[in-house]
Structure formats: structure tokens, C-alpha cells
Amino acid sequence: MDHLLHFRRETGAFEAAARRAAGDAPVVPSCPDWSVADLVAHLGAVHRFVSRVVEDRLAEPPDPADRTFLRLPAGSDGWPGSPDDGPHRGPVPAGLIDWYAEGAAELAGHFRAADPGEPVWSWTRERTTGFWLWVQSVEAAVHRWDAENALGTPAPLDADHAADAIGRHFDVVAPAWRARGGAPAGRGERLGFRRTDGPGEWTVSFEGDTIRRAEGPCDAELSGTASDLLLFLWHRLPADALAGVHGDRAALERYFVLVPPV
């Protein structure tokens, strides 16, 4: 899987959506505390943060009080501040989108030049440059969908890219989200996820503080396209928006308690 190709494709599509929304930043339904302007500011900051980690080969997280990595240009005073203060309405500053595009291109360059096995800090137990490339390709895809969703025309995630991400989500991302969100211990809930637009089945069991791959009967099963399943896992779609929901709905709804959003 060429994750750099997907990263470049999705960041470009995100930029296009942001420019279409530039007249009056709509609220993002899948992130209701944010407008598209907040979404641009968030993803642009993430890209520059990751650029610093990858370029400097950081072994520890950067100082959160040091914001120089953002390299904000002159004239940025009117840009949205913290997305926590959103949603920021009104026109999306053109300079903000340009700043985002420059940061995305810079990060793509760092990924292209780096050894995927290079050890660097990350917020998961997988601490390599290759992890950052993978997770940023996925985050770009999800936020591209967010931006297009705000415009009422969300295109699905690339099916193969989404299917590739689902298993790794359970192995790496969901455990980190659980730790950051202080999720309660699992009670042995066994959930199944079945792809309808190609091969792919995943069964996981929540046992104490761990998520384990499992086999056999499930308490509940979701079926849907790879895109819809990944969007569900990223808290973008409710279960009822998928193709099928079977079994114990209470166990399925508990997924959002066991894997809280970040």
C-alpha cells in the first residue's frame, strides 16, 4: 500500500474542499464544535507538528508550550485560534488554506525522504516514521470526508486504503485512544466487523485494558463498506448508517465507551 500516494491525494482533496467552503465556513456535522476553518487550522497544525517530529527525529514529545513549529505567517492574527473555542464562522482566510497546503507539501517531502523504520516518538506503542505516514494518510482521508460532509457532498474513503486501516486501527490506534480517554475496562465484549465491498472480516474482544483479535461468535456484528466501517471506528458514522447491525446492540453501543473519541 502506497501510503504516501494516499496522503498526497487526500491532503489535496481536503484543500479543494476547504477552498470551496471559503465563502462562509460551514459547521462540520461530524465535528459539530468545529467549522471548516477550525478543521483547516487543526489539520495544518497537525502536519507541522508531525514535520517537526519526523525532521528532527524526536525521541520524546515536543514541549507543548513551544508553538514555533507552526511558523505562522504575517497576517495570521485573524485566523481561528484553538479549535476548542469554535466553531469559528465567517470566511475561511485564504492565507490559512495556503499555510495548510504548504505544511502538507512539506510533510509529504519529509515522508518521501525518511526511512519508514526510523525510530521517532509517537502517541502509540508503534514509534516509527512509517507509523506517522500511515496514520496521517488515514487522518487526512477522514478530515477530507469531514470537510466534504460540511458541504453536503462527502465522497467515500478509498476502499482498499480504508480496509488496510481497519486492522491496524484495532492493533495500534484504539488502544492508544483508550489510554488517553481513560476508558473503562472491557468486560469481554466481542464485536465483529464485516466488509461488504470486498474481502475483510475483523473480530475483536475487549478484555480488561486490552483489545485482542478474536475468532468465533460475536456479541454484535456490524457490516458495511470499508469506508463506512472505518468512519464508524473514527466516530464519524453511527451504527445505524451502516449496512447491517446484528446481535446485542448494547454491546455495540458500548464500543463508544470503550474507545472514546480523541
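Trainee: Is phenylalanine 49 buried, partly exposed or exposed?

Mentor: This is a predicted model, in which local features need pLDDT of at least 70 and side-chain atom pairs count only at pLDDT 80 or more, while totals for chains, interfaces and linings use all residues. Residues are numbered from 1 along each chain as its sequence is written, and side-chain values use heavy atoms, with hydrogens and water left out. Buried means under 20% relative accessible area, exposed means over 50%, and partly exposed is in between, with a 1.4 Å probe and protein chains only. Because its relative accessible area is 23%, phenylalanine 49 is partly exposed.

Trainee: How many aromatic pairs are there?

Mentor: Rings of Phe, Tyr and Trp (its six-membered ring) pair if their centres lie within 6.5 Å, and planes under 30 degrees apart count as stacked, over 60 as edge-to-face and the rest as tilted. By this rule the count of aromatic pairs comes to 16.

Trainee: What kind of aromatic pair do phenylalanine 49 and phenylalanine 69 form?

Mentor: Phenylalanine 49 and phenylalanine 69 have 5.9 Å from centre to centre and 75° between the planes, and their aromatic pair is edge-to-face. Phenylalanine 49 lies in helix H2 and phenylalanine 69 in the loop between H2 and H3, so the pair ties together parts that are 20 residues apart in sequence; helices here are DSSP runs (H or I, at least four residues) and strands are runs of E (at least two), numbered from the N terminus. Phenylalanine 69 is buried because its relative accessible area is 10%. To return to what you asked, the pair is edge-to-face.

Trainee: Why is the pair of phenylalanine 170 and phenylalanine 193 tilted?

Mentor: Phenylalanine 170 is in helix H5 (residues 159-181) and phenylalanine 193 in strand E3 (residues 186-195), 23 residues apart. At 2% relative accessibility, phenylalanine 170 counts as buried, and phenylalanine 193, also at 2%, counts as buried. The ring centres of phenylalanine 170 and phenylalanine 193 are 5.2 Å apart, and the pair is tilted because the planes are at 45°.

Trainee: How many salt bridges does the structure hold?

Mentor: Side chains of opposite charge can pair when their charged atoms come close. A salt bridge is a side-chain nitrogen of Lys or Arg within 4 Å of a carboxyl oxygen of Asp or Glu. The number of salt bridges that the structure holds is 16.

Trainee: Where do the partners in the salt bridge of glutamate 10 and arginine 144 lie?

Mentor: The side chains of glutamate 10 and arginine 144 meet at 2.8 Å, N to O, in a salt bridge, and both residues are buried. The pair links distant parts of the chain, 134 residues apart, with glutamate 10 in helix H1 (residues 3-20) and arginine 144 in helix H4 (residues 129-150).

Trainee: Which residues does serine 227 contact, leaving aside its neighbours within four places in sequence?

Mentor: Serine 227 lies in helix H6 (residues 226-233), and serine 227 counts as buried because its relative accessibility is 4%. A polar atom of the serine 227 side chain lies 2.9 Å from the backbone nitrogen of leucine 157. Contact means heavy atoms within 4.5 Å, and, with those neighbours left aside, serine 227 is in contact with Pro156, Leu157 and Ala162.

Notes:
Polar contact = N/O pair within 3.5 Å; in protein donor to acceptor, adjacent residues only side chain to side chain.
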